[in-house]
Amino acid sequence: MGRRKSANKSGQSTGRGTETPSESPAKMTGLDGDDVNGVLEERTESSNLDDSVPPLIGSDKTSADYYFDSYSHFGIHEEMLKDTVRTKTYQNVIYQNKFLFKDKVVLDVGAGTGILSLFCAKAGAKHVYAVECSQMADMAKEIVEANGYSDVITILKGKVEEIALPVSEVDIIISEWMGYFLLFENMLDTVLYARDKWLVKDGIILPDIASLHLTAIEDADYKEDKIEFWNSVYGFDMSCIRKQAMLEPLVDTVDQNQIVTTCQLLKSMDISKMTIGDASFTAPFKLVAERNDYIHALVAYFDVSFTKCHKRTGFSTGPRCKATHWKQTVLYLEDVLTICEGEALVGSLTVEPNKKNPRDVDITLKYSLEGQRCQVIRTQHYRMR
């Protein structure tokens, strides 16, 4: 069984596993390569700080601003830009469909470094309005100027819900809004707000289709390492932490050989037509075992599509596809399910924003198995935060 890496909220590696092309062991472990046992060299006092460059994250921020603060650091943008599945797909969609962008007004929601805006400008857009709430907006403005697109791209710093666009409508809305588990961080609501306020009738949203999928995996070794570990830590009972670990889905890369069952579509969303409430749902599932094995967790992943292109395109974050920075979302089960080929794990998954913090996601899983060697009915709750 292949080993995986887990990730924390900002996408940083927290587990063990094979490196992705954009990561090195030093970055993953936080080591700088210095010989800490050697004699310390005398260094002249110097600084790479420039008084003209303000800190990316202000000291006056509160926890309510954490979401935007996390996107102020260049590291998370580096990870996303180096995710070639993500970035090259957007680039190909824009460059290979210049007829969509020629002389059109584009709104880039959550622009980050402005890479999508730059693609659109290069493809012939009349003007691009790039909205970014984090401090990265200042860097995006510099990037636009450095590349000679200041007359085509306007960076607007602020929340989409609060800024005023210089135009009354736009022809295209483009955004990379997807979070872990597709809906984590709840940026989809912002895209829908922009659509309803500014998108011209018969305008285009890119991407326009997103779907959430579910499968089941065998994962004995990793569950033992990440979950059961807390039952006895150097001889002490820390099982109270195990309970917390079970409540939080793990963002991780799953080896396709761990998949035990069929995969099922849970929810498909048409971003051009859906309402905000459609992102909360309950979906039934039936996962049929493809071999005799054990099930330790369910795994969710998402696909996105760009259907307005000359040729429909998109990408998947599933375990059978090239890895992305979104990885997959692992929901560990309390039970170890012994399942035989042809038997079905059935149930439902309920997804909704957390009432106190809408950027978090509450997940309720109900499942049952009436098998030859295992019978179980259970409800579990999770929260992505």
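Me: How do the residues of the lining of the largest cavity divide into nonpolar, polar and charged?
Reply: In this predicted model, the lining divides into six nonpolar residues, three polar and one charged. The lining residues are Tyr180, Phe181, Ala300, Tyr301, Phe302, Thr317, Trp326, Lys327, Gln328 and Thr329.

Me: Why are strand 10 and strand 16 said to stand at the edges of their sheet?
Reply: The open sheet has four strands in the order 10-14-15-16, paired antiparallel. Strand 10 (281-288) and strand 16 (375-384) each have a single partner strand, so one side of each has no neighbour in the sheet. From one strand to the next, the twist averages 15 degrees.

Me: What makes strand 14 and strand 15 a pair?
Reply: Two strands pair if at least two bridges are found between them. Strand 14 (residues 344-353) and strand 15 (residues 361-370) have nine bridges, in the antiparallel sense, and therefore they count as a pair. One point to look at is Glu352, whose bridge partner in strand 15 is Asp362.

Me: Which elements make the β-α-β unit, and why is it called right-handed?
Reply: Strand 5, helix 8 (residues 188-198) and strand 6 make the unit. Strand 5 (residues 170-175) and strand 6 (residues 199-206) run parallel and are joined by four bridges, with Val170 opposite Leu199. The crossover is called right-handed because, with the strands pointing away from the viewer, the path from the first strand over the helix to the second runs clockwise.

Me: What makes helix 6 mostly covered?
Reply: Seven of the eight residues of helix 6 (residues 115-122) are buried, and buried means under 20% relative accessible area. The buried residues are Ile115, Leu116, Ser117, Leu118, Phe119, Cys120 and Ala121. Helix 6 is followed by Gly124, which has a positive phi, near 105 degrees.

Definitions and conventions
Residues numbered from 1 in each chain as written. Predicted model: local features only at pLDDT ≥ 70, side-chain atom pairs only at ≥ 80, totals over all residues. Heavy atoms only, no water. 1 Å grid on protein atoms, 1.4 Å probe; cavity = no way out; pocket = protein on both sides within 12 Å on 5 of 7 lines; lining within 4 Å. Nonpolar A, V, L, I, M, F, W, Y, C, P; charged D, E, K, R; others polar. Helix = DSSP H or I, 4+ residues; strand = E, 2+ residues; numbered from the N terminus. Axes fitted to C-alpha atoms, helices over the stretch in contact; angles between N-to-C directions. Buried < 20%, exposed > 50% of the residue type's maximum accessible area, 1.4 Å probe, protein only.
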